[in-house]
Amino acid sequence: SEKVIRVAEQVPGLITPGVWDGQAFSMNSSVYEYLVEINAETGEIDPVLATSWSTDDGSTWEFSLRENVSWHDGTPFTSADVKFTIERTQDPALGHLKRQDFAVVSSIETPDDHTVILHLHEPRPTFVYQMTDYNMAILSSTYDYASLGESRPMGTGPFKMQQMIPKESAALVKNTEYWDPSLPLLDRILIYFVADIDASVSMLEDNRVDVVPFVTPSIKNRLDQLDGISVISP
C-alpha cells in the first residue's frame, strides 16, 4: 500500500531559497538539498551534496561533490550549480539574506564537474557552516527560476513537486532517481497550506493530517492529553 504523510504547513510566500519569506519547511526540505548539514544528534557537519571538504588556513576551501546526482528535470548536478548558487547571493536585484556572509568569496574555481574551490578575501575557519544556512540550498544553474521557481520548485531532493495549488496545497512524489537508494521511505507527501495554527491542530485532532510543525507550548499541553499524538522536540 502507498505510504503517504499529510502535513499542515503555514502558507508560503516566496518559495525559492535565498530570501526568507515564510517558506514551508516540510516542502522545501523535501525538494532541495545542501552541500552539508548539521547533524541534530551530534552537532557535527554531515556530508550531503558535498562528500568531503578541506581548507588550508580558512582562506581557501575545496569541496568534493557527490557523483551521479540528478536534478529533478534529469540534468546532472555539477560544480557549475554550486558556483551559481554562491554567486547568486551577490545578485543586487535579489536581496539575498546571505549576501553579506558570502561577500568574503573573492573567486570560485570549478576545475572539474565534481570539485569546487572557493577563495576568500580573508581566513574564515568556520566558513563551511555558512553552507548549512536555510537560504543556501543548492540550486540548478540551468533552471528558469524567474518563471518556474515559485510554481514548480525543483532540486535534487528525495521528493519531486507533483502539483502545487498556490495558497492551498502541494503534492510531492517520491524521486525514484534519488542518489541514496535506501531513501525516501514514503511514496508521497501531501502538504496543506493552513494560515492558522489552531486550524492546523484541529486537522491533526480530526486525523485529517499527520504532522503539524512549530506548535506553541500551550498547544503542546493540549496535545499531550490526546492518545495517538506525540510532540517531538528535535
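Student: Is valine 11 buried, partly exposed or exposed?

Tutor: This is a predicted model, where local features need pLDDT of at least 70, side-chain atom pairs count only at pLDDT 80 or more, and totals for chains, interfaces and linings use all residues. Residues are numbered from 1 along each chain as its sequence is written, and side-chain values use heavy atoms, with hydrogens and water left out. Buried means under 20% relative accessible area, exposed over 50%, and partly exposed in between (1.4 Å probe, protein chains only). Valine 11 has 27% relative accessibility, so valine 11 counts as partly exposed.

Student: Which residues is valine 11 in contact with, leaving aside its neighbours within four places in sequence?

Tutor: Contact means heavy atoms within 4.5 Å. Valine 11 sits in the loop between strand E1 (4–9) and helix H1 (25–31); helices (H or I, at least four residues) and strands (E, at least two) are DSSP runs, numbered from the N terminus. With those neighbours set aside, the contacts are Gly22, Lys167, Phe193, Val194 and Ala195.

Student: Is threonine 156 buried or exposed?

Tutor: Threonine 156 lies in the loop between H4 and E8. Its relative accessibility is 1%, so threonine 156 counts as buried.

Student: With which side chain does the side chain of threonine 156 make a polar contact?

Tutor: A polar contact is a pair of N or O atoms within 3.5 Å; within protein, one must be able to donate a hydrogen and the other to accept it, and residues adjacent in sequence count only if both atoms are side-chain atoms. Here the distance is 2.8 Å, and the partner is glutamate 33.

Student: Which residues touch the most other members of the largest nonpolar core?

Tutor: A nonpolar core is a set of buried Ala, Val, Leu, Ile, Met, Phe, Trp, Tyr and Cys residues joined through side-chain atoms within 4.5 Å. In soluble globular proteins, nonpolar side chains tend to be buried together. The largest such core has 47 residues, and those touching the most other members are Met27, Leu35, Phe63, Ile86, Leu118 and Met131.

Student: How many residues are in the second, separate core?

Tutor: Its members include Ala8, Val194, Val209 and Ile219.
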